[in-house]
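Colleague: I have not seen this one before. Can you walk me through it?
Modeller: Let me put it up.

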Amino acid sequence: SNSVGVPAAISANGNGKVKVVGNGAYDATGNFNNGVVVNGNLSSIDSDNGNVEIIGTGGGAGISGFNSGVAIANQGLVFGGGIGTVSIQGLGGKGSSNGNIGVGVEAGGLINSGGGNVSVVGQGTGIGASANNHGVQVFSSTAVVSAIQAGGNGNILVRGTAGNTVTGVDNFGVSVSTLGQIVSTNGNIDI
């Protein structure tokens with residue numbers, strides 16, 4: 001996460017691969033117990049030519065909320081260069097407040113490839129009357145577009161499952177809303 005103007009990056013040069021696995025604080029009753037966060041316009045997880053894989057599990061307990069498995073926000077970037085693929089899997093946390101999202105791409109966040117395939121799979125969770133527990137959410141509350149993209153001939157696969165043990169409203173498998181985009185340059189899109 002970047003907040004002071006200094007690049008925050010996990011990068012693999014050449015044909016190197018990147019794999020990041022993260023788990024949010026399991027018993028925390030506060031909010032934002034995310035598994036993996038890429039936050040800020042100088043924050044990135046990327047490769048020159050290798051595959052990028054991210055697996056995140058949100059934490060949280062009790063009245064906790066906004067516990068994403070993977071959160072890419074505020075112009076944070078996940079990028080697989082060259083023919084590198086991008087694979088992201090996220091499982092939201094189990095708080096009873098809202099927003100336990102599998103994979104969230106928000107406020108100008110970007111998932112992209114130079115030509116490899118992009119796969120995003122998310123499972124929303126939450127408990128009780130919790131709401132807005134989407135599997136995959138792509139939107140922006142700022143003037144900057146949030147997007148899942150694939151360059152070249154790369155294909156895009158998106159799979160989302162909403163929180164299914166909750167009684168709240170607006171729990172969607174895949175939600176693409178205000179200033180959210182899923183775009184392939186020359187490949188197929190499967191949602």
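Modeller: Start with Ser 175, which is in strand 15. Strands here are DSSP E runs of at least two residues and helices are H or I runs of at least four, numbered from the N terminus.

Colleague: Where does this model come from?
Modeller: This is a predicted model; local features need pLDDT of at least 70, side-chain atom pairs count only at pLDDT 80 or more, and totals for chains, interfaces and linings use all residues. Residues are numbered from 1 along each chain as its sequence is written, and side-chain values use heavy atoms, with hydrogens and water left out.

Colleague: Is Ser 175 buried or exposed?
Modeller: Ser 175 counts as buried because its relative accessibility is 9%. Buried means under 20% relative accessible area, exposed means over 50%, and partly exposed is in between, with a 1.4 Å probe and protein chains only.

Colleague: And what does Ser 175 touch?
Modeller: Leaving out residues up to four places away in sequence, Ser 175 touches His 134, Val 136, Gln 137 and Val 138. A contact means heavy atoms within 4.5 Å.

Colleague: Stepping back, how many helices and strands are in the chain?
Modeller: The chain has zero helices and 17 strands.

Colleague: How many of the residues count as buried?
Modeller: Of the 191 residues, 47% do. As for contacts with a separation of 6 or more, 80% are between residues 24 or more positions apart.

Colleague: Which residues of the largest nonpolar core touch the most other members?
Modeller: Ile 45, Ile 54, Val 78, Ile 88, Ile 111, Val 118 and Ile 148, in a core of 25 residues. A nonpolar core is a set of buried Ala, Val, Leu, Ile, Met, Phe, Trp, Tyr and Cys residues joined through side-chain atoms within 4.5 Å.

Colleague: Take Ile 45, then. What does Ile 45 touch?
Modeller: Not counting residues up to four places away in sequence, the partners of Ile 45 include Val 18, Val 36, Ile 54, Leu 77 and Phe 79.

Colleague: What about Ser 47, where is that?
Modeller: Ser 47 lies in strand 4, residues 43-47, and counts as buried at 3% relative accessibility. Its C-alpha is 5.2 Å from that of Gly 80, 33 residues apart along the chain. Beyond four places in sequence, Ser 47 touches residues including Ala 12, Gly 16 and Gly 80.

Colleague: New topic: which loop holds Gly 99?
Modeller: Gly 99 is in the loop between strand 8 (86-91) and strand 9, and is buried, with a relative accessible area of 6%. Gly 99 and Asn 67 are 32 residues apart in sequence, with 6.6 Å from C-alpha to C-alpha.

Colleague: What is the phi of Ala 107?
Modeller: Near 50°, a positive value in a residue other than glycine. Most residues other than glycine have a negative phi. Ala 107 is in the loop between strand 9 (103-106) and strand 10 (110-113), and counts as buried at 10% relative accessibility.

Colleague: And Asp 170, what is its phi?
Modeller: Asp 170 has a positive phi near 55°. Asp 170 is in the loop between strand 14 (156-161) and strand 15 (174-176), and counts as partly exposed at 41% relative accessibility.
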